[in-house]
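Open your viewer and keep the sequence panel beside it. We will go stop by stop, selecting a few residues each time.

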Amino acid sequence: MEKITEKLLLEKGSPKTNKLEQIKTLNLSKLALKVQDLPARLLSRLQSLERWDLSGNRLQELPKNLELPALRYLDLSDNQMEDVTTLESLGGLEELKIEDNLYITVSDNYKLMTLLPNLRIYNGKDITTTANHLRYVYTENLRTRIIAVWEKSFSLPDPITPEKLSTLKTDFVNATRQQVKFGPASVSDFTKWKVEIMAKEYLRSLTEPKEEPQSEEPTDTKDNCEVSTPTKRKQTTPVTDSSINLTPRKKLCADLPASPVGDSPRKASLRFKPQPLMQSIRMSPRKAAQPPSTPTRAQTRAETPKRGSKVRQTKEDGAQIKQKEGVSRKELQRDADTLPTLKICSQTQPVHLKPLHVLQCHSKQDSSEDFSTQLWACAFQPMPDSTGAGGGSRLVATCGGDSLCVIDCETGIVMKKYKVPGEEFFSLAWSTVLMSRGGNASAQHCSILAAGGKRGLVKLIHPRNNVAYGEFRASRKSLSVLRFNHHRGNFLFTGSYDNKIVMWDIGGVDSQYNYKVVQLLVLEISATPLHICLPPTSPNSHLLTACEDGLHCFNTQLGTNTTTKRSKEMEITFPIYKKEDKDHDYHTIDGLSFLTDDIVASKSYMHGAIYLWSWSRTKAQRPDKKNREVCAVVLAELQWTNTEIPYLALNTCPGRAYIVCGDDKGRLWTYHISSLQKNSLQTGKPIQPTEVLEWPTPERKGLGQVEGPSINSVAMDPELHFLVALSDKNMVIVWKRDGEQESS
């Protein structure tokens, strides 16, 4: 056995260096080491160490207080490990090998999964789903039982003295260890160990309650924004055929082959009429009223459970400007020092877009005469990497009717198509998960697609391999929105018409597409969720949802002393609310997206404008105690169309500092936010769009032009090379950045 010295560590480490702080890999295997041979203070200087091999030694435990913040891989195989709790300080571990340790039990395996919150690979296997079940679901079951023991037999002494508290602690911990029974007998040691820890934490929470943090601006929000109480609106009950029961499809249905454009039914009947399309127009009130561009909208919306509760007619563009400008600009909480936040969006120049393709790829029975199928959601495929944030591709997924499509935006070819007879898809989302390949092969990241709609089922698809590998029921009612947490790609949120948002762990997959889904959290809301956003700076702890009755914020932090069913933490209100009357209800927030880490864009369809507001400043306020309300700290207001058609969703492109929202005439309102000037924020007037892209007026073969439809959804790739718009008339419109701007 060699003595562990700085010289030995430099010899055994790599890359070769003369500083311990620069070592990333260390091999101390087969040195007959015991715990007393590992100097914690010296080893803790390895601040950059990522991989550490300690296999083939005589270790029964690791030194306490070992601090290795960068350590991600540890090999402890072929040792004599007994006390696994000494690994708790290595909280960043993602992969651990501890095979061939005679005294390691199933309970020890469970302890390691709860002690190491980032552990994903254990003895070569992906244990993400099992570990998260232990960390959250199993733990919550234990917490419920611990609280029941307390409420049945214990109470705090009066007065509380150190002696009485010590006796209470001993009695309560012993009682919970004896009375709380959960899980199989093989893990009883783990259960007692976990119960003891949680019982102490629970007692501490009763005797040392956390004080509510003081806001830096302890101002009653009602002084800044008078807000009316949200009125409940009747929701259309979605029609769900419970008799239909799909089995998972193993192959995507290649309904549209990768064929030349002329052979495809999606484009055969549509072509662009030659005319100037790129006009930058000033949005003054229109001189003449235009009839509704979607005469069948009332019927199609009513038949769709997702959008059945509100059917409106379009007003002329200037009809509500006077009323909207009546909102006092003093109520828009603007501050001079909010401007730098806006300027950091991007230093890019405005882009010019031109229409490239119009596709009818969601037609019923592939009919070119289908101009009634509504298309609801689209999203670009991210390039897969460990975070799911590796940029974007030119492939976009779209959904509507009974089908999902994956489209190559450059060529206009439908690369994949997936149909489920009887379904109507309302939402989809991409994510990146780990695919384990067995043997000694390392796991790889792969892009998957989740989609759901009328039937309450989530479909899981791996488009690259043409495999629809699974499904699970997320609700007994229709699903309105899906959203992945891209910092933890296996966490999926589903919003549904039973007024709930559920957080799921869908885990990874193996080479045979085995997977496991676990429910982690239920958020109870008061109306149908339309959009879900996770703040970029706190995606694991906060969730914003735009609903039929307002914008709500939830705490989604897992592993805290809270139940798996949660109600809203606060409601974010807007100045326009105080102008509500019997004809104008502004609480339906049907557009929501983050432009930067802090700036949020949101809209209510009857407002005729888009708010830009600060998430951090809004969150810093203390909610009204009665209604849990805070008023959004508004930075700017963007002029948008005046319409009574709901659910025309906006989207953002942070990389190019763009906001885009369609309207009910087929137009796209685009805003390049980095070009805003200081005086634009302080004039008190809505900021005009950078450009409004007119409807490209494609022509039906022999039947003339197609009138501008409502644009239900838009999506952009990270660099805004392409913009995709979905209509309520079964048309996917692909716009491309003008070639002259490619280098900008």
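Begin with a term for later: a crossing of two helices is left-handed if the near helix is turned anticlockwise from the far one by less than a right angle, and right-handed if clockwise. Helices here are DSSP runs of H or I with at least four residues, strands are runs of E with at least two, and both are numbered from the N terminus.

This is a predicted model, in which local features need pLDDT of at least 70, side-chain atom pairs count only at pLDDT 80 or more, and totals for chains, interfaces and linings use all residues. Residues are numbered from 1 along each chain as its sequence is written, and side-chain values use heavy atoms, with hydrogens and water left out.

**Stop 1: the whole chain**

Show everything as a cartoon. The protein chain has 12 helices and 41 strands. Now colour by burial. Buried means under 20% relative accessible area, exposed means over 50%, and partly exposed is in between (1.4 Å probe, protein chains only). Of the chain's 744 residues, 55% count as buried. Next, think about contacts, meaning heavy atoms within 4.5 Å. Take those between residues at least 6 apart in sequence: 61% of them join residues at least 24 apart.

**Stop 2**

Select α4 (128-153) and α6 (188-207). They pack at an angle of about 60°, and their axes are 10 Å apart. Axes are lines fitted to C-alpha atoms, for helices over the stretch in contact, and angles run from 0 to 180 degrees between N-to-C directions. How are α4 and α6 set to each other, by angle class? Under 35 degrees counts as roughly parallel, over 145 as roughly antiparallel, 65 to 115 as roughly perpendicular, and the rest as oblique. So α4 is oblique to α6. The crossing of α4 past α6 is right-handed.

Show side chains at the contact. On α4, pick out Leu134, Tyr138 and Trp150, among others. On α6, the contact residues include Phe190, Met198 and Leu206.

The axes of α3 and α4 come within 9 Å and cross at roughly 80°. These two helices are therefore roughly perpendicular to each other. Tyr110, Met113 and Thr114 of α3 meet Thr130, Ala131, Leu134 and Arg135 of α4.

**Stop 3**

Click Val149, which is in helix α4. Is Val149 buried or exposed? Its relative accessible area is 7%, so Val149 is buried. Now find Phe172. It is 23 residues from Val149 in sequence, and the two C-alpha atoms are 8.3 Å apart. Leaving aside neighbours within four places in sequence, Val149 contacts Phe154, Phe172, Ala175, Thr176, Gln179 and Val180.

**Stop 4: the nonpolar cores**

In soluble globular proteins, nonpolar side chains tend to be buried together. A nonpolar core is a set of buried Ala, Val, Leu, Ile, Met, Phe, Trp, Tyr and Cys residues joined through side-chain atoms within 4.5 Å.

Which members of the largest core touch the most other members? Select Trp52, Leu74, Leu76 and Leu96, out of 60 residues in that core. A second, separate core has 23 residues, among them Cys533, Met570, Tyr605 and Val630.

Go back to Leu74. Beyond its neighbours within four places in sequence, its contacts include Trp52, Leu62, Leu87 and Glu95.

**Stop 5: salt bridges**

A salt bridge is a side-chain nitrogen of Lys or Arg within 4 Å of a carboxyl oxygen of Asp or Glu. How many salt bridges does the structure hold? There are 15.

Select Glu6 and Arg45. Their closest N and O atoms are 3.4 Å apart. Glu6 lies in helix α1 and Arg45 in the loop between α2 and β3 (51-53), so the pair ties together parts 39 residues apart in sequence.

Move to Asp408 and Arg394, a salt bridge of 3.0 Å, N to O. Asp408 is in strand β12 and Arg394 in strand β11, so this pair ties together parts 14 residues apart in sequence. Asp408 is buried at 8% relative accessibility, whereas Arg394 is partly exposed at 38%.

Finish on Asp590 and Lys603, whose closest N and O atoms are 2.9 Å apart. Asp590 is buried at 0%, and Lys603 is buried at 2%.
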